[in-house]
Amino acid sequence: MAARRRLADRLATGLSLAATAVVLVALASILLTLLVRGLPGLSASVFLRATMPPGSGGGLANAIVGSLMQTGLAAAIGTPVGLLTGVYLSEYGQDGRVVDVVRFVSDMMLSAPSILVGLFVYMALVAPVGHFSGLSGAVALAILFVPVVVRTTEDMLRLVPLTMREAAYALGAPKWRVVLQVCLRAARSGVLTGILLAVARVSGETAPLLFTSLGNMNWSLDLGAPMASLPVAIYQYAGSAYDDWTQLA
């Protein structure tokens, strides 16, 4: 029996190491391909010049700025909404039908395909006004942003020891002050990690932006007009037939 357990342990360990090696080789292959094909085209013009026709030596500056604007606005919209919802679920709404509905919707949105969010925002904001806009792109990203912050905030607050809350209550602190100055302060690093994870998720989304902000080959800082973004530019350039565009992607 002991020999069988040792054999099973070694077999499982070997399979785990083999799976890890396969993943690392695949990751190394992706990074090597990006470096080999991308580094020769990396120059200051990539960050200083806007997208231009093939062979014109264009860059990605307008796409980078557009992504920063849309992602920043999505974070500005989604962070307070996600934080307040997570605090409510963890500290105020322990039981009840409303809490169950909010948590269910949040969990469902966490795994919802981003293209469906883009289609929803297209029907709600783009189609009625008759044109694409950077604002609608930011709203689509904010919808994807919120459930990540909600889940991480709720989980991090639940990890705060009950004794810390009881000590604050014993000192006469009201509940809102306990949540703000004790619970959130103790869970600060985890909450910030959740916000960064949400930023990382939405900053690489392409599908929602194709239906909302669409993209723009020129400089545009107007959130009410079509706006360039880095994921859309990469998507368009990577599938093009032009070597310089592929290299930029």
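Is glutamate 205 buried or exposed, going by its relative accessible area? Glutamate 205 is buried, with a relative accessible area of 14%; here buried means under 20% relative accessible area, exposed over 50%, and partly exposed in between, with a 1.4 Å probe and protein chains only.

## Ground rules

This is a predicted model, in which local features need pLDDT of at least 70 and side-chain atom pairs count only at pLDDT 80 or more, while totals for chains, interfaces and linings use all residues. Residues are numbered from 1 along each chain as its sequence is written, and side-chain values use heavy atoms, with hydrogens and water left out.

## Domains and record annotations

Let's start with the overall layout.

The UniProt record, an unreviewed entry, lists residues 64-249 as "domain: ABC transmembrane type-1". UniProt positions are given in the numbering used here, with feature names shortened, and annotations may be inferred rather than shown by experiment. In the model, residues 64-249 are 75% helix and 0% strand, and the end C-alpha atoms of this span lie 12 Å apart. Helices (H or I, at least four residues) and strands (E, at least two) are DSSP runs, numbered from the N terminus.

The unreviewed UniProt entry also gives "transmembrane region" for residues 12-39, 59-89, 101-125 and 131-150. Among them, residues 59-89 are 94% helix and 0% strand, with 45 Å between the end C-alpha atoms. Residues 101-125 come to 88% helix and 0% strand, and their end C-alpha atoms are 25 Å apart.

## A nonpolar patch on the surface

Next, a look at the surface. Leu24, Leu27, Ile30, Leu31 and Leu34 make up a nonpolar patch with about 490 Å² of accessible area together. Patches are made of residues with over 30% relative accessible area and no salt bridge, with like charges joined within 9 Å and nonpolar side chains (Val, Leu, Ile, Met, Phe, Trp, Tyr) within 5 Å. The areas come from the Shrake-Rupley method with a 1.4 Å probe, and for residues only the protein chains shown count as cover.

Leucine 27, one of the patch residues, sits in helix H1 (residues 2-38). Leucine 27 counts as partly exposed because its relative accessible area is 44%.

Now to the charged side chains. A salt bridge is a side-chain nitrogen of Lys or Arg within 4 Å of a carboxyl oxygen of Asp or Glu, and by this rule the count comes to 7. A network of salt bridges links Arg103, Asp107, Arg151, Glu154, Asp155 and Arg158.

Glutamate 154 has a salt bridge with arginine 151, where the closest N and O atoms are 3.5 Å apart. Both residues lie in helix H6 (residues 134-158), 3 residues apart, about one turn of the helix. Glutamate 154 also meets arginine 158 in a salt bridge of 3.2 Å, N to O; these two are 4 residues apart in helix H6, so about one helical turn separates them. Glutamate 154 is buried at 2% relative accessibility, whereas arginine 151 is partly exposed at 22% and arginine 158 is partly exposed at 43%.

Threonine 152 is in helix H6 too, and is buried with a relative accessible area of 16%. Its side chain reaches the backbone oxygen of valine 149 at 3.2 Å.

Glutamate 205 pairs with arginine 201 in a salt bridge of 3.9 Å, N to O. Arginine 201 is partly exposed, at 23% relative accessibility.

Alanine 200 is found in helix H9 (residues 188-203) and is exposed, with a relative accessible area of 52%. Between alanine 200 and isoleucine 143 there are 14 Å in space, C-alpha to C-alpha, and the two are 57 residues apart in sequence.

## A positive phi in a loop

One backbone angle is worth a look. Most residues other than glycine have a negative phi. Leucine 214 has a positive phi, near 70°. Leucine 214 lies in the loop between helix H10 (207-210) and helix H11 (230-238), and is partly exposed at 34% relative accessibility.

How values were computed. Polar contact = N/O pair within 3.5 Å; in protein donor to acceptor, adjacent residues only side chain to side chain.
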